[in-house]
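Keep the viewer open as you read.

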Amino acid sequence: MKIIILGAGQVGGTLAENLVGEKNEITVIDSDPVILRALQDRLDLQVVSGVGSHPDVLRKAGAEDADMLIAVTNSDESNMLACQVAYSLFKTPTKIARVRSEQYIIYQEQLYKQQDIPVDHIIAPEQLVTQSIKRLIDYPGALQVVEFAEGKASLVAVKAYYGGLLVGHALSALKEHMPNVETRVAAIYRRGKPIRPLGTTVIEADDEVFFIAATKHIRAVMSELQKLESSYKRIMIAGGGLIGAGLAKRLEHNHNVKLIEYSPERAQYLSAHLDKTIVFSGDASDSTLLSEEGVEQVDAFIAVTNDDEANIMSAMLAKRMGAQKAMVLIQRSAYVDLVQGGEIDIAFSPQQATISALLTHVRRGDIVNVYSLRRGAAEAIEAIAHGDKNTSKVVGREIGDIKLPPGTTIGAIVREEQVIIAHSDTVIEANDHVIMFLVDKKYINDVEKLFQPSAFFFG
């Protein structure tokens with residue numbers, strides 16, 4: 001595909017890196033020639049310096065025959081205007097814009113139409129991050145939770161702990177422990193390296209285990225791998241920006257939520273607009289304030305300010321003062337692995353959430369969900385099988401007979417309302433949602449081709 005990326009910041013740069021390795025023709029536009037030069041030195045792509053919504057700049061970037069424009073600058077207005085120009089002048093088929101302002105998101109149904117603002121897909125990073133954190137609150141002890149087929153199935157990452165029922169046992173023991181629950185371990189990471197899960201594989205303490213199950217069975221499977229944590233009741237949020245405020249709004253009716261915001265004006269605004277959240281103005285890394293607000297009784301301390309260092313320091317302080325779990329938002333993806341797993345339990349990156357959402361729209365074949373896992377090293381994919389035995393490489397075939405790319409596992413199939421855990425003799429039918437796990441992302445193209453029906457299929 002010929003793709004133009006507008007904005008060479010962290011999201012644009014990471015996205016370019018993901019797509020370049022997949023034989024796409026990428027051009028990046030940015031007004032900062034220094035950033036562009038650094039990107040070009042590192043990756044095999046074209047760069048154009050200039051204002052991305054200007055017609056001559058888009059033309060120079062190849063908009064006349066581009067398949068897709070992805071506008072991810074820091075300005076919502078620039079992103080939307082670039083999509084408008086690409087549509088009006090160059091008839092670019094697919095236009096994606098990163099939109100952060102809640103005002104533009106609330107009215108998306110009315111705004112984003114070809115005759116009004118021609119944006120085909122909007123990506124709202126703050127909303128994506130808020131959803132990810134909400135899932136982690138819903139499943140205490142999980143490192144990552146992603147949903148497929150409108151929430152029917154979930155892929156969950158957990159750390160196996162001493163005391164977990166399965167630790168020290170082979171995977172085949174899962175069936176004996178839970179005869180009524182179907183689940184599939186899609187991957188295990190041991191000391192950072194993937195190992196292929198077989199029935200004879202023995203789970204060790206500290207393994208990072210990814211498993212797929214029907215969403216209703218998730219807590220039961222988690223209890224096999226670690227002592228199940230009780231539900232979080234008391235939540236403290238540091239930072240009242242879009243993510244902090246959105247999270248408080250989603251949690252305040254079922255949890256006891258306190259929010260610390262540095263700016264007195266913003267704190268006053270939030271206090272008026274949130275129903276049950278108690279809002280304080282102050283510095284979240286002030287031990288006196290944390291102590292006064294009872295941080296030692298908090299189940300989860302979540303730091304989501306715009307400052308990585310402030311988030312890390314306040315979360316470490318909260319944990320040392322007795323908070324049960326510490327979660328932090330990290331803008332720089334490279335920091336995520338550095339901080340997670342010590343005093344900080346979970347670090348999440350808005351970049352990874354944004355990249356996952358963008359990749360869903362870039363993938364070929366009928367791929368409806370793509371999630372970046374382990375900070376981008378692996379991917380989980382949901383694809384819809386189309387065609388019949390003559391036109392499709394997967395429909396009508398047993399999973400054991402499908403030639404999957406190396407390191408790819410089919411974990412589950414969702415057929416209408418039914419979640420079927422995949423076995424080698426499971427036959428894929430037309431319109432099945434097939435959930436796969438890729439340990440190595442370089443084989444993504446092969447997975448896409450596998451799910452593209454032949455030219456003789458007219459679906």
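Start at Ile 302: skipping neighbours within four places in sequence, this residue is in contact (heavy atoms within 4.5 Å) with Ile 133, Ile 137, Ile 235, Met 236, Ile 237, Ala 238, Leu 247, Met 327 and Phe 348. Along with Leu 155, Phe 211 and Phe 348, Ile 302 touches the most other members of the largest nonpolar core, which has 71 residues. Such a core is a set of buried Ala, Val, Leu, Ile, Met, Phe, Trp, Tyr and Cys residues joined through side-chain atoms within 4.5 Å, with buried meaning under 20% relative accessible area (1.4 Å probe, protein chains only). There's also a second, separate core of 45 residues, including Val 20, Leu 43, Ile 70 and Val 434.

This is a predicted model, so local features need pLDDT of at least 70, side-chain atom pairs count only at pLDDT 80 or more, and totals for chains, interfaces and linings use all residues. Residues are numbered from 1 along each chain as its sequence is written, and side-chain values use heavy atoms, leaving out hydrogens and water.

Now hop to Thr 215, in the loop between β11 (208-214) and α9 (218-225); strands (E, at least two residues) and helices (H or I, at least four) are DSSP runs numbered from the N terminus. Thr 215 is buried, at 15% relative accessible area. Beyond four places in sequence, Thr 215 is in contact with Tyr 139, Gly 151, Lys 152, Ala 153 and Ser 154.

Zooming out, the domain assignment (automatic or from a database) gives domain 1 (2-123), domain 2 (129-225), domain 3 (234-352) and domain 4 (355-451). The centres of domains 1 and 2, taken over C-alpha atoms, are 37 Å apart.

Definitions and conventions
Buried means under 20% relative accessible area, exposed over 50%, partly exposed in between (1.4 Å probe, protein chains only).
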